[in-house]
Amino acid sequence: MSHEQILDIRNLTVKYHTFTAVSNVSFSVNEQDFIAIIGANGSGKTTLIKTVLGLLNAQEGTIVTPTGVTVGYLPQHTMSLDRFFPATVDEVVGMGLLAKKRFPKILSKQEKQNIEDVLHMLNIQHLTHKRIGALSGGQQQRVLLARALVSNPDVLILDEPTSALDHNMRKQFFDILSHLNTSHGVTILLVTHDIASASDYINRVIYMDQKLLFDGTFSAFCEDQKLSPFIHTHSLRHKKMGDES
Ligand SMILES: Nc1ncnc2c1ncn2[C@@H]1O[C@H](COP(=O)(O)OP(=O)(O)OP(=O)(O)O)[C@@H](O)[C@H]1O
Ligand SMILES: [Mg+2]
């Protein structure tokens with residue numbers, strides 16, 4: 001089965017004032033790719049995907065997508081929602097539909113059904129009328145995934161979505177992503193520090209440190225001797241972080 005190209009990034013450079021966060025990065029993404037984007041803290045991963053999303057401007061380079069391609073986004077650091085944030089789960093998920101509407105921002109019957117369906121798929125339908133701030137970190141993460149999914153995007157971009165999840169939840173989360181990828185043909189770009197958990201699901205790894213250092217399969221990544229210290233220090237760091245909490 002051949003998949004069409006859905007995103008083409010050429011010679012992308014992104015700077016904050018004079019500091020270069022992303023340097024001359026090129027890669028393309030095909031329909032139904034499931035790509036893990038990895039790299040140390042500060043290596044430019046979030047900057048890269050924000051630029052792809054159009055939230056940041058590139059100093060150089062091009063980003064090309066076929067017209068009509070839609071994107072869902074789950075941003076990094078969304079976990080510390082105020083306990084009293086005055087919105088319920090269905091309202092937060094509905095924001096994923098309202099953002100694209102002009103006024104009046106009213107949801108149709110079909111859209112309300114879509115919200116119900118996505119909550120059901122993520123197994124959080126029982127939380128529908130709860131305040132988002134009253135949920136656990138893992139539950140909030142599912143709600144935010146629901147918000148990213150409710151508009152049925154062609155491409156899903158997730159920035160560290162599993163950092164607040166325990167082992168079981170992490171597995172369930174990846175199973176959901178895998179289902180979306182294989183059964184619904186959703187293309188997924190996943191920024192993660194947890195390449196070990198993601199490795200069963202992805203078809204490609206992009207490893208960056210300002211520049212793109214590797215783009216290929218996970219097994220090729222593991223075989224690349226130059227990169228093995230990275231995998232090692234990464235798993236150690238995560239163990240340490242887990243121990244501290
Ligand atoms: N708004 C900003 N203004 C100035 N510098 C920034 C800004 N945002 C990020 N940077 C810098 O750009 C570099 C890349 O940051 P970025 O957030 O893209 O890294 P990251 O790979 O996502 O890191 P992490 O794994 O910690 O999330 C870092 O050195 C960071 O300090
Ligand atoms: Mg980041």
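How far is an oxygen atom of ligand 1 from an N or O atom in the side chain of Lys45? The distance is 2.7 Å. This is a predicted model, and the values below are computed from it.

## Polar contacts of ligand 1

Ser43 uses its backbone instead of its side chain, with a polar backbone atom 3.2 Å from a ligand oxygen. Ligand 1 alone exposes 640 Å², and the protein buries 61% of that area.

## The shell around ligand 1

The shell around ligand 1 has 13 residues. Those that come nearest are Gly42, Lys45, Thr46, Thr47 and Gln76. By class, the shell holds eight polar residues, four nonpolar ones and one charged one.

Which elements supply at least two residues each? They are strand 2 (19–30) and helix 1 (45–52). Helix 1 gives the most, with three residues.

## Aromatic pair Phe174 and Tyr201

The model has three aromatic pairs. One of them joins Phe174 and Tyr201.

Phe174 sits in helix 5, while Tyr201 sits in the loop between helix 6 (195–198) and strand 8 (204–209). The two residues are 27 apart in sequence, so their pairing ties these parts together.

## Aromatic pair Tyr207 and Phe221

The rings of Tyr207 and Phe221 meet at another angle. Their planes stand at 80 degrees and their centres lie 5.7 Å apart, so this pair is edge-to-face. The cut-off for that class is over 60 degrees.

Tyr207 belongs to strand 8, and Phe221 to helix 7 (residues 218–223). The pair therefore links parts 14 residues apart in sequence. Tyr207 is buried, with 11% relative accessible area. Phe221 is buried as well, at 0%.

Two loop residues deserve a look at the backbone. Asn123 has a phi near 60 degrees, a positive value in a residue other than glycine. Asn123 lies in the loop between helix 3 (109–121) and helix 4 (137–149). Its relative accessibility is 48%, so Asn123 counts as partly exposed. The cut-off for exposed is over 50%.

Glu160 also has a positive phi without being glycine, near 55 degrees. Where is Glu160 placed? Glu160 is in the loop between strand 6 (155–159) and helix 5 (167–183). At 9% relative accessibility, Glu160 counts as buried. Asn123, by contrast, is partly exposed.

Conventions:
Residues are numbered from 1 along each chain as its sequence is written. Chains are lettered from A and ligands numbered from 1 in the order in which they are written. This is a predicted model: local features need pLDDT of at least 70, side-chain atom pairs count only at pLDDT 80 or more; totals for chains, interfaces and linings use all residues. Side-chain values use heavy atoms; hydrogens and water are left out. Helices (H or I, at least four residues) and strands (E, at least two) are DSSP runs, numbered from the N terminus. Buried means under 20% relative accessible area, exposed over 50%, partly exposed in between (1.4 Å probe, protein chains only). A residue is near a molecule or strand if one of its heavy atoms lies within 4 Å of it. A polar contact is a pair of N or O atoms within 3.5 Å; within protein, one must be able to donate a hydrogen and the other to accept it, and residues adjacent in sequence count only if both atoms are side-chain atoms. Accessible areas come from the Shrake-Rupley method with a 1.4 Å probe; for residues, only the protein chains shown count as cover. Ala, Val, Leu, Ile, Met, Phe, Trp, Tyr, Cys and Pro count as nonpolar, Asp, Glu, Lys and Arg as charged, and the others, Gly among them, as polar. Rings of Phe, Tyr and Trp (its six-membered ring) pair if their centres lie within 6.5 Å; planes under 30 degrees apart count as stacked, over 60 as edge-to-face and the rest as tilted.
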